[in-house]
Amino acid sequence: MRLARFLTRFWADRPLALKGLVVVALPLAILLVSLSLLFQASHAEEEAEDDVRRAFAVQRDTYQVHALLAEAAAGVRGYVLTRQARFLEPYRKAEADLPPTFERLDGIIRDAEIRNRFERIRTLAVRKREGLHAIVELADARTAHAHNTSEIEAALVANKIVLDAMRQEIDRIQVRENTLLDQRLRRVEEVRNRFLFLTAISAVVGLLGSLAAVYLFSTGIVRRIGNLEDNAERLAQGEALTELPQDADEIGRLAQRLVRASALLRGREQALRESEERFRLVIEEVRDYGIFALDPTGVVTSWNLGAERIKGWTAAEILGQHFSRFYPDETRDFLPARMLQRARERGTVEDEGWRLRKDGSRFWANVVITSLHDDNGQVRGFAKVTRDMTERRRTEEALRMAREDAIAANLAKSEFLSRTSHELRTPMSAILGFGQLLELDEETLSPSHRAAVQQIMKAGRHLLALINDLLDISSIEAGATDMSIEAVDLDDVVQEVHALAAPIVATGGLSFQLEAAETGLIAQADRRRLIQVLLNLIANAAKYNRTGTCVRLAYGRNGADIRLEVEDDGEGIDPSAASRLFTPFDRLGQQSKTRVEGTGLGLALSKRLVESMNGQIGYEAPAKGARFWFTLPGVQPAQMPQKD
């Protein structure tokens, strides 16, 4: 007994650092030993499971090799029979996927027997791929030499033999892998059982170490900590602290500091109460915002004048009530709880929606809920700020409805134009057809009849152009434009446009200049639509250039894009009318000038076509004349077919 008391006293008088070291080191040492055993068992189990995964991977990849080659062979046979390039997709896929598949197999095969069979499969695969490549070349040459059919048949038979041999090797690999897989699964089970045994031993050893640490901890620290806990409880309740012995160790010094802290906290608590009272007075006087507090369950604990003005309840009527009563029936069962949960998770949550006043009327509210935490991070409650946004909601709803009406009207217009253009094109084509028949016999017509026929054809062509432009614009607006975006060689396109537009420019007595800042440029565009846009801009430049001498077409690189310009040196465009250039049917006053014909759709159609090709279009006013430009996405120069 005397020895036990001596040891207890000796242990109680030691510094906390030494006590903590002993308490921590003892179970930690036991834990490290246990973890070492567990790590060894886990590592062994992981290696066994890796062997199993490799076996499954070998089986999967060998089947994939056979499947890729079989599908490639079927595709090549289809290509031989039909000459349709789509049948070569499996062949190309096999060419792309087989090298990485063989590389994976080469890295995961460990068994010597499987390694030998894998090398035979790899050799057969090379022969198979070479055979398929030869069959494709023979099939491509069959158009010029029809007598090589027998060679193709022989090559197909030879490839089938190679594929059958490969299938046999794969089957043998699968049999071997199944055997190895059974062995590895048994090994995994053995390792797992050993792992469970070591886990049980570690648990027992850890339990014993924990009990020893708890005993040492309780004999020197727990009792005195209990006294400190009693004083802490008294401090929390604002009571006087119990005097403790003047011990020299850390716990004794902590007890004395706790006494001094008690006096300091009482002074700060008084200052805090005074500050909270001032803050409460400020909050209660705010009238434009409803500001109130909730407890952790959502019950209202404070209520200011702004909340009373917005919602209608007085503080006496609402305190102690759950804030879900502010929500309408359709959201009351789930939205309040969801809002509080989000505030707990995020700290602050904001929402807008319908809320209820005391009289049952609804108002559109903007709500912000902020969670309030204590020093330990625990949620003490929530602060909720509400604003009445009903008038703003009504304004936004009116704007939304107006926008929807405008969109609906625009869609109706596009649909009407599309249908009307289709209906007009058929009779107009008939009129032009009969007019062309009359032109064939114009030598037999009198001068007045000949002039009438010419006027009919002129008006008919003009009307047909208008119908086509209307149909293009309505198709673009309806999202039905058939765009074929591809890499387009601008040199070829510009030369074609130059040849097509030269007669138009020459008719106006103008010269046609072509400038290329850089050759070999390639753009992403629809070739037909790109030509249509360029011809529209060039025709406009030639048509409205009555005082100048030339029309210029230029193109070059503009950063990652390609920029094309059509410029003339004529009268130019009134700056006040520039904002209306791309408006459909707006000819900027030219409709009053009978000498210049037009529909007012060319620029609008060009703008929509350029934007459909992911480009931009615009107008610039040079020193003289007018300059229209547009950009298209550029691509890196590719290998273009050599021209003969």
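This short talk describes a sheet and several salt bridges in one protein model.

The model is predicted: local features need pLDDT of at least 70, side-chain atom pairs count only at pLDDT 80 or more, and totals for chains, interfaces and linings use all residues. Residues are numbered from 1 along each chain as its sequence is written, and side-chain values use heavy atoms, with hydrogens and water left out.

Nine antiparallel bridges join β2 to β3, residues 362–373, and E350 stands opposite V368 in β3.

I turn now to salt bridges, in which a side-chain nitrogen of Lys or Arg lies within 4 Å of a carboxyl oxygen of Asp or Glu. By this rule there are 25.

Which residue does R552 meet in a salt bridge? The partner is E565, at 3.1 Å from N to O. R552 lies in strand β8 (residues 550–558) and E565 in strand β9 (residues 561–568), so the pair ties together parts 13 residues apart in sequence. Both R552 and E565 are buried, that is, under 20% relative accessible area, where exposed means over 50% and partly exposed in between (1.4 Å probe, protein chains only). The two also belong to a network of salt bridges that links E515, R552, R563, E565, E567, E620 and R627.

By contrast, R527 and E496 meet at 2.9 Å, N to O, and R527 is partly exposed at 29% relative accessibility, while E496 is partly exposed at 32%.

How values were computed: Two strands pair if DSSP finds at least two bridges between them. Helices (H or I, at least four residues) and strands (E, at least two) are DSSP runs, numbered from the N terminus.
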